[in-house]
Amino acid sequence: MSKYVAAIDQGTTSTRFIVFDHGGNIVAADQKEHQQIYPKPGWVEHDPLEIWARAQEVMRGALESLKLSDIAAIGITNQRETTVVWEKATGKPVYNAIVWQDTRTDLICNELAKEGGQDRLREKTGLPLATYFSGPKIKWILDNVEGARAKAEKGELAFGNMDTWVIWNLTGAHVTDVTNASRTLLMNLRTLDWDEDLLRLLGIPRAMMPEIKSSSEVYGSAKAILPGVPVCGDLGDQQAALFGQTCFSAGEAKNTYGTGCFMLMNMGEIPVPSKSGLLTTLGYKIGAQKAVYALEGSIAITGALVQWLRDNLGVIQKSADVETLAKSVEDSGGIYFVPAFSGLYAPYWKSNARGAIVGMTRYVNKGHIARAALEATAYQTREVLDAMERDSGVKLTALKADGGMVFNELLMQFQSDILGVPVVRPKVAETTALGAAYAAGLAVGFWKDYDELRANWGKDKEWTPKMDSDLREKLYAGWKKAVLRTFDWVE
C-alpha cells in the first residue's frame, strides 16, 4: 500500500515538488527558482523548457529519500493564465511563456472592449476583458510569432496554461481542468466547454485547445519520471489553496499571500455574477460530481513588492528581512505604497494604472517604505473582502490565510487590524500543493471523502484585531485616496 501522495506546485517564481502523508503532513520537498524575463516594460516571460527542467529536478530531488512504490498519485497545481504555445510534433515552444502579470495584450483587450465594453464576455466567462487572462495572450502569439497562425490553423500547435504544459510533458496527454480553463476567457462557465463564439472572436483554432477534464481523475501515468504512478489531480493554484484549506461549504473563504494575493470564496454549485469587480470562477470539480463555483478577488502585486524592494532597490538582502526593517519604525510615516506595477486587478481592473508612493516627506526613511509595502497587501485585501461581502451577502467572521507571507507576523497582525476580523494560519501553510495532492488522492481512493480531509486541517496561529475602529477607517480612507492617484497613468 502506497504511503504518500505528491504534488508539483509550478508557481510564478519557482517550482516545487512536495510529498504528503495521509495526515496532510509534508514528508519530503524540493524547490527551484526559474528566471524572470522582462523584455520590455510591462512584459513578463518565462522559459517553458527551463520550467520543465526545474520540475524534473525537484521531483528527483524530493524523491531521493523515497521509493517509487511509496507514491500513490501525483497532483498538479500551477500559476494560472501563464500561456504556452508549442509544436505538437516536437514539444518545442514557439515563444516564451507569457506570464499572467504581462500587460502587452492591452491593445487587444481595448479593441475587444470597443463593442460591449470591458464586461462584454462576463455573462459567459465570469471575467472582465483584461490582460490577465490567457485568451488574449494566445491571440498575441498567433499574431506576432512568424508562422504561428498558419501552423495553428493546420492543427500543428498546442496551447496550455502551465498545468497543461507540465501534464503533457509528464504523461503525453493534452488536458486541463475546469479551474484552469475558466481563466482563459474561452470557456463557458455553464457548459464547462470551450465556447465556439469566444474562440472565433479571438481567432483561436479549437484544435489548439486541451481537453477539459475534472480536477480529480486519472489523466495518465507520470512516465517521464515515475512510470506507473497516476497523474490525477489538477487545480489552478488559488483553487488548489481553497481546496487545501478545506473550504468545501458555500461561504467559506481563504486568502493566499504569494507573488500576488488571491481571495476565494466557495459559492456552491451555481455561478454567482459579481457586481463589485470580482471574478466568477470555477472552484473545483471532483470526478463526476457537480462543479463548485467561487468568487475571486485577484491582486497582482503583494509578495512581488517585497522582491522588488530586494532586487530593484536593494534595501533588503533577503525577503525575510522586510519584517525587521518595517519593525524599525512605529508606523508608515503617513505614506501609502500602491503597487500598481502591472495595473490594478480587483476590484478596479485598470490596466493603465501605475505604482505610486503617496504622502512623502523628508521624515520618511526606508523603514517607512518597507512598512508601507507590507501594509499595501493588507489594504488591497480589505478592498477585495469588502467587494466579496457585497456580492455574496456573506459577512466573513474569520479569514483563513496561507502562502509565504503568512509567516510575517507584522503583516498578519496589521491584516487583522485593518479587516476587523481574526486571521487564521493553518498548521500546513503549503495549502496550494496540499489541495492538488488532495484532488489526486481522492481520485485513487487514498482519501475517501471531504470529512477525512477536514480532519487534517489544524490551526497553527490566530491574530485578532487590536486597532481602534476609528483609526482603522481613517487609515483605510487614506489608502482609497492614494489608489485614486494611480489611475489612468498610461494613455
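Which residue in β16 is the bridge partner of T256? The bridge partner is F262, and the views below begin with the sheet that holds this pair. The model is predicted: local features need pLDDT of at least 70, side-chain atom pairs count only at pLDDT 80 or more, and totals for chains, interfaces and linings use all residues. Residues are numbered from 1 along each chain as its sequence is written, and side-chain values use heavy atoms, with hydrogens and water left out.

**View 1. The open sheet of 7 strands, with mixed pairing.** The strand order is β17-β18-β16-β15-β21-β22-β23. The edges are formed by β17 (279-284) and β23 (459-463), each of which pairs on one side only. From one strand to the next the twist averages 30°. Strands (E, at least two residues) and helices (H or I, at least four) are DSSP runs, numbered from the N terminus; two strands pair if DSSP finds at least two bridges between them. Strands of a sheet pair through backbone hydrogen bonds, either parallel or antiparallel. Within this sheet, β15 (residues 253-257) and β16 (residues 261-268) are antiparallel over 5 bridges. An antiparallel pairing over 5 bridges also joins β17 to β18, where T281 has A294 of β18 as its bridge partner. Of the 6 residues of β17, 6 are buried (buried: under 20% relative accessible area; exposed: over 50%; partly exposed: in between; 1.4 Å probe, protein chains only).

**View 2. Residue L385 in helix α12.** L385 lies in α12, which spans residues 366-392. With a relative accessible area of 4%, L385 is buried. Leaving aside neighbours within four places in sequence, L385 is in contact (heavy atoms within 4.5 Å) with M263, L396 and L419. I26, by comparison, is 359 residues from L385 in sequence and 30 Å from it in space, C-alpha to C-alpha.

**View 3. The largest nonpolar core, of 109 residues.** A nonpolar core is a set of buried Ala, Val, Leu, Ile, Met, Phe, Trp, Tyr and Cys residues joined through side-chain atoms within 4.5 Å. Y132, L186, M208 and Y257 touch the most other members. Helix α12 gives the most to this core, with 12 residues. Apart from it lies another core, of 35 residues, including W52, M162, V166 and A173. In soluble globular proteins, nonpolar side chains tend to be buried together. The contacts of Y257, neighbours within four places in sequence left aside, include T377, T381, L399, D402, M405, L411 and Q415.

View 4. The whole structure holds 28 aromatic pairs. Rings of Phe, Tyr and Trp (its six-membered ring) pair if their centres lie within 6.5 Å; planes under 30 degrees apart count as stacked, over 60 as edge-to-face and the rest as tilted. W165 and W168 are stacked, because their ring centres are 6.4 Å apart and their planes at 10°. These two residues are 3 residues apart in helix α6 (residues 162-171) and therefore separated by about one helical turn. W165 is buried at 0% relative accessibility, and W168 is buried with a relative accessible area of 19%. Elsewhere, W100, Y132, F133, F262, Y345 and W349 form one aromatic cluster. R80 lies over the face of F262, at 5.3 Å from the ring centre, and the charged end of K400 sits over the ring of W457, 4.5 Å from its centre. A charge sits over a ring if NZ of Lys or CZ of Arg is within 6 Å of the ring centre and within 35 degrees of the ring normal.

**View 5. Strand β1 and its two partners, β5 and β2.** Strand β1 (residues 4-10) is mostly covered, with 7 of its 7 residues buried. Y4, A6, I8 and Q10 point one way from β1, V5, A7 and D9 point the other way, and all are buried. In a regular strand the side chains alternate between the two faces of the sheet. With β5 (residues 71-78), β1 pairs in the parallel sense over 7 bridges; with β2 (residues 14-20), β1 pairs in the antiparallel sense over 6 bridges. V5 stands opposite A73 in β5 and opposite F20 in β2. A hairpin is formed by β1 and β2, with 3 residues between them.

Definitions and conventions
Axes fitted to C-alpha atoms, helices over the stretch in contact; angles between N-to-C directions.
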